[in-house]
Amino acid sequence: MPVKILMVCLGNICRSPLAEGILASKLPNDKFTVDSAGTGSWHVGRGPDNRSIATAQKNGLNIANQKGRQFERSDFDTFDYVFVMDNSNYRDVIHLAQNETQKQKVQLILDAIFPGENVDVPDPYYGVSNGFDMVYEMLNEACDIIAQNLIAKHP
């Protein structure tokens with residue numbers, strides 16, 4: 001049974017699709033599965049933002065076939081790890097947790113780089129022109145560490 005990891009942002013069109021693609025590219029797909037979701041429902045069934053697709057493509061990843069979905073309480077039963085992009089996503093996901101075991105699955109993704117500092121991945125949707133590249137670099141660095149940790153924990 002593969003280890004299941006879920007990446008979560010607000011709309012599931014910018015940050016979490018990138019994080020899904022990045023982490024999946026760093027893990028053996030026979031041992032791990034990576035998915036993504038949003039805390040909001042606005043983009044359910046839609047593909048990632050074109051800027052996320054372009055940024056991923058520029059870095060050798062294809063995320064164009066992903067489809068947005070909303071985080072559901074049942075995801076706590078399905079996934080072993082839940083990485084959220086910012087503190088707002090963290091609060092929204094933790095609010096749906098029904099016990100301490102579920103809460104323990106949820107982590108801020110940038111805690112991999114900045115342990116205990118509660119650093120957010122900025123939402124590039126309305127940001128500066130190079131925002132998607134900056135987000136990619138942050139997520140890539142965090143996913144390097146996360147992948148190493150996951151592979152060590154689940155050889």
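Which residues in the largest nonpolar core touch the most other members? In this predicted model, they are I5, M7, L23, I109 and L139, out of the 30 residues in that core.

## Overall fold

The protein chain contains six helices and four strands. Read from the N terminus, these elements follow the order β-α-β-α-α-β-α-α-β-α. The chain is as compact as a globular protein of its length, because its radius of gyration of 14 Å is close to the 15 Å that the globule rule gives for 155 residues.

Taken along the principal axes, the box filled by the C-alpha atoms is roughly 40 × 30 × 30 Å. Among contacts between residues at least 6 apart in sequence, 73% join residues at least 24 apart.

## Surface and charge

Of the 155 residues in the protein chain, 47% are buried. The accessible surface of the chain comes to about 7,900 Å². Carbon and sulfur atoms account for 48% of that surface.

The chain carries 14 positive and 19 negative charges. The mean position of the positive charges and that of the negative charges are 4 Å apart.

## The nonpolar cores

The largest nonpolar core has 30 residues, with I5, M7, L23, I109 and L139 touching the most other members. At least two residues of this core come from each of β1 (3-9), α1 (15-26), β2 (32-38), α2 (50-58), β3 (81-84) and α6 (131-153). The element that gives the most is α6, which supplies eight residues. Another core, of 13 residues, lies apart from the largest one. Its members include F71, V82, V84 and V106.

L139 is one of the residues that touch the most other members of the largest core. When its neighbours within four places in sequence are left aside, L139 is in contact with R15, L18, A19, I22, M85, I109 and V121. One of these partners, I109, is also listed with L139 among the residues touching the most other core members.

## A buried loop residue

T39 is found in the loop between β2 and α2.

The contacts of T39, leaving aside its neighbours within four places in sequence, are with V8, C9, L10, Q70, N89, D92 and V93. Among these partners, V8 and C9 fall within β1 (3-9).

Terms used
Residues are numbered from 1 along each chain as its sequence is written. This is a predicted model: local features need pLDDT of at least 70, side-chain atom pairs count only at pLDDT 80 or more; totals for chains, interfaces and linings use all residues. Side-chain values use heavy atoms; hydrogens and water are left out. The radius of gyration is taken over C-alpha atoms; the globule rule is 2.2 Å times the number of residues to the power 0.38. Buried means under 20% relative accessible area, exposed over 50%, partly exposed in between (1.4 Å probe, protein chains only). Contact means heavy atoms within 4.5 Å. Accessible areas come from the Shrake-Rupley method with a 1.4 Å probe; for residues, only the protein chains shown count as cover. Lys and Arg count as positive and Asp and Glu as negative; His and the chain ends are not counted. The place of a charge is taken as NZ of Lys, CZ of Arg, CG of Asp or CD of Glu. A nonpolar core is a set of buried Ala, Val, Leu, Ile, Met, Phe, Trp, Tyr and Cys residues joined through side-chain atoms within 4.5 Å.
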